[in-house]
Amino acid sequence: MFIARSAARVRLARLGFLLLCLGPTAGLTAWAVHRRSEAHRVALEQRWQEILGVPLAVRAVDHPRPGVIRLEGVALPAAGGGVTLRLPLVELESSANEDRLRVPRLRGDAAAAAVLIGLARDWLIDDVRFRRTCVIEVADFAWTETPAAGLERAAGPRSSAATLRIECVARPEARALRIVHRSATDDEVRIVRGPRPEAADEAGPPAITITADCRQPVPLDVVAVAAGLPLQWSAACREALVAGTLTADWTAAGWSGSAQGSIGQVSLEAAAAAVGGRASGIADVTVSKLVWTNDRLSDGLFECTAGPGSVGGRLFDRFVMALGARPGSAARPLPPGGERPFDLLACLVALGPHGVQILPTSRMPAAIAAYDREPLLLPPPSAAPSDRVAWLLSAPGTTFGPAAGPGAWLISVLPNASEASPKAESPARF
């Protein structure tokens, strides 16, 4: 037993007690206060912004257990105001070589998809910034409509709730991304990036392979954004849903692959408004075959049906002039600004090196549109060149080939009969 024999020894014992007992307690208390402080939240925001490369806002940070961070009120601000993506709760668990994110609920639209697809693209090609394997689990996921500019996010779901699992597997020689959507069926998308070329004569980007099997409908605007189309074009895909299979490969020469499936609930009003026209009705498209080589379509066969509905007189005239179609007996003169109603529209669209050919179907062997049991529009006698089809989707008043908008994009991907060989000299983009 220690017996104090001097005041100096008593003071030394008290000082040792403070240093060995109260000191660590005070340090732990200060560390706990810092972990719940505003400075810690801001530092965590800045760290994730540097890693992800996108703006990020977090309302609160919690550490429920060792190795786990719980983020509340995660939001990705939009460039023009509002919020691109909102996550009420995110739980991040890190191990030696893997990060696991658990999200209880997520509602996404085309704008949110554009952000997530951009992150996935960066993760696939950037080995320096993203070095770890990551698994994302969403317990309740559904697509919603993209709200108009300046409005809050839409509440109406476009798909039934399902679970979503995203696996980002990082290996020294390759990378893979696997997306599994589980509802009535298990839909899956796989993206595999091969090893980078090492030899000097093989300089170029690594090959990428995509396979997708989606039986549950996916919003068409989300697919359009994933294909690289501008987000502002998503209004033309309003309410439309797509399902099917896809296989694609990307090399230095560009994208090549094939797809088949269906596109349903296409709003003719939204599609016509995108090209400066007026129409009404709902259309369905069956994609029997779609093949593209080096970023350009090479073969395709579609069946389109719609009706009842109507089409503006000026847009109807553009169909006649661009495609070489012939007005039927139901195409009577209209007053300025009038619309032509139709009971049924049914046609086959075949595209290839010959151009774009519009053919009748077995439902209407003699016409492609009818009204009141009379033919409204007869099929063109021959295929239309790609530039004529692109002109059809240009803004009213365009005299020559379109320089911007859907028409310009379409002319860049439709078959080009004058192109003798694939455009291998054009730079590849992903």
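In which helix is Leu15 found? Leu15 lies in helix 1, which spans residues 7–35. The model is predicted, so local features need pLDDT of at least 70, side-chain atom pairs count only at pLDDT 80 or more, and totals for chains, interfaces and linings use all residues. Residues are numbered from 1 along each chain as its sequence is written, and side-chain values use heavy atoms, with hydrogens and water left out.

Helices (H or I, at least four residues) and strands (E, at least two) are DSSP runs, numbered from the N terminus. Leu15 is partly exposed, at a relative accessible area of 45%. Partly exposed falls between buried, under 20% relative accessible area, and exposed, over 50% (1.4 Å probe, protein chains only). Together with Leu19 and Leu20, Leu15 forms a nonpolar patch on the surface. The accessible area of this patch is about 350 Å². Such areas come from the Shrake-Rupley method with a 1.4 Å probe; for residues, only the protein chains shown count as cover. Nonpolar side chains (Val, Leu, Ile, Met, Phe, Trp, Tyr) are joined within 5 Å, like charges within 9 Å.

Glu167 sits in strand 7 (residues 162–170). Glu167 is buried, with a relative accessible area of 16%. Its side chain makes a polar contact of 2.6 Å with that of Arg165. A polar contact is a pair of N or O atoms within 3.5 Å; within protein, one must be able to donate a hydrogen and the other to accept it, and residues adjacent in sequence count only if both atoms are side-chain atoms. Beyond four places in sequence, Glu167 is in contact (heavy atoms within 4.5 Å) with Cys134, Ala176, Leu177 and Arg178.

Cys134 is itself buried, at 16%. Its sulfur is 5.2 Å from the closest cysteine sulfur, in Cys168, too far for a bond. A disulfide requires two cysteine sulfur atoms within 2.5 Å. The count is 0 disulfides. Cys237 is buried too, with a relative accessible area of 12%.

Helix 6 covers residues 313–323. Its buried residues include Leu315, Phe316 and Val320. Gly324 follows helix 6 and has a positive phi, near 75 degrees.

Val356 belongs to strand 20 (residues 355–359). Val356 is buried, with a relative accessible area of 7%. Outside four places in sequence, its contacts include Val349, Ala383, Val389 and Leu414. Val356 and Leu414 are 58 residues apart along the chain, yet their C-alpha atoms are separated by 8.7 Å.

Notes
Patches are made of residues with over 30% relative accessible area and no salt bridge: like charges are joined within 9 Å, nonpolar side chains (Val, Leu, Ile, Met, Phe, Trp, Tyr) within 5 Å. A salt bridge is a side-chain nitrogen of Lys or Arg within 4 Å of a carboxyl oxygen of Asp or Glu.
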